[in-house]
Amino acid sequence: MRATKAERSAELRQYRRDLGLCPGCGGDLPGGQKYCEGCRATATGYRRADRAKKGYSGKFQSGNRVRVPRWGGQDATGDKGVDAHLAATLARLPPPECVGVVQGNARSGASASSMPHSGVRAYAVAFPGFGVLMVRETEMIRVEKGG
Ligand SMILES: [Zn+2]
């Protein structure tokens with residue numbers, strides 16, 4: 001019976017390892033390292049590409065449960081009309097104990113352009129009863145499962 005491709009490459013890697021060579025390419029191995037520089041760089045590139053493919057770009061990912069302890073935005077201005085408007089806006093936002101679910105992130109969603117001046121990643125987060133809101137990364141904290 002012929003060995004499968006995976007079995008053959010595993011054998012080859014072991015053979016190279018036994019000879020003290022890089023198991024990835026059979027090249028010379030700097031002392032104490034498992035793979036040569038070239039193979040390590042390639043592996044790092046694969047990992048980066050994989051992360052980019054999954055749309056990972058920040059602290060949070062789709063499906064994460066989050067809370068917003070305090071909504072950012074503006075502090076009181078001293079102008080009664082403006083402050084009343086800000087207070088009314090804040091009152092319509094989910095309270096600190098409300099748990100939302102991250103829908104997308106700054107890279108994969110259309111969200112990056114929503115806050116062009118902040119320079120902070122923002123995520124689309126669905127809050128039950130409040131709909132989907134854009135939340136800045138710095139405003140959110142992660143809620144562990146069951147918490
Ligand atoms: Zn190598």
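This is a predicted model: local features need pLDDT of at least 70, side-chain atom pairs count only at pLDDT 80 or more; totals for chains, interfaces and linings use all residues.
Residues are numbered from 1 along each chain as its sequence is written, and side-chain values use heavy atoms, with hydrogens and water left out.

Let me begin with the overall layout. The protein has 3 helices and 5 strands, where helices (H or I, at least four residues) and strands (E, at least two) are DSSP runs numbered from the N terminus. Read from the N terminus on, the order of the elements is α-α-β-α-β-β-β-β. Of the 147 residues in the protein, 22% are buried; buried here means under 20% relative accessible area, exposed means over 50%, and partly exposed lies in between, with a 1.4 Å probe and protein chains only.

Now to the zinc ion. Its protein donors are the SG atoms of Cys22, Cys25, Cys36 and Cys39, lying 2.3 Å from the ion. Donors are N, O and S atoms within 2.8 Å of the metal (3.2 Å for Na, K and Ca), and since water is not among the atoms, sites may look incomplete. The site is tetrahedral, with angles of 104 to 114° among the 4 donor atoms; four donors count as tetrahedral if all angles lie between 85 and 135 degrees. Along the chain, the donors follow the spacing C-x2-C-x10-C-x2-C. Cysteine 22 and cysteine 36 both lie in the loop between helix H1 (5–18) and helix H2 (37–53), so this pair ties together parts that are 14 residues apart in sequence. Both cysteine 22 and cysteine 36 are buried.

What lies around this site in sequence? In helix H2, glutamate 37 and arginine 40 are 3 residues apart, about one turn of the helix, and their side chains meet in a salt bridge at 3.7 Å, N to O. The rule asks for a side-chain nitrogen of Lys or Arg within 4 Å of a carboxyl oxygen of Asp or Glu, and by this rule the count comes to 1 salt bridge. Glutamate 37 counts as partly exposed because its relative accessibility is 47%, and arginine 40, at 38%, counts as partly exposed as well.

The 5 strands form an open sheet in the order S4-S3-S2-S1-S5, with antiparallel pairing, and two strands pair if DSSP finds at least two bridges between them. The edge strands, each pairing on one side only, are S4 (131–136) and S5 (141–142).

Asparagine 64, in the loop between H2 and S1, counts as buried because its relative accessibility is 11%, and its C-alpha atom is separated by 8.3 Å from that of glutamine 103, which is 39 residues apart from asparagine 64 along the chain.

Next, S2 pairs with S3 over 3 bridges, with glycine 104 opposite alanine 124. Strand S3 (residues 122–127) in turn pairs with S4 over 6 bridges; the facing residues include phenylalanine 127 with glycine 131 and alanine 122 with arginine 136. S3 and S4 form a hairpin with 3 residues between them, and glycine 129 in the turn has a positive phi of about 90°.

Finally, why is S3 described as largely enclosed by the rest of the structure? The reason is that 5 of the 6 residues of S3 are buried.

Methods: Four donors count as tetrahedral if all angles lie between 85 and 135 degrees; four count as square planar and six as octahedral if opposite donors are over 155 degrees apart and all others between 65 and 115; anything else is irregular.
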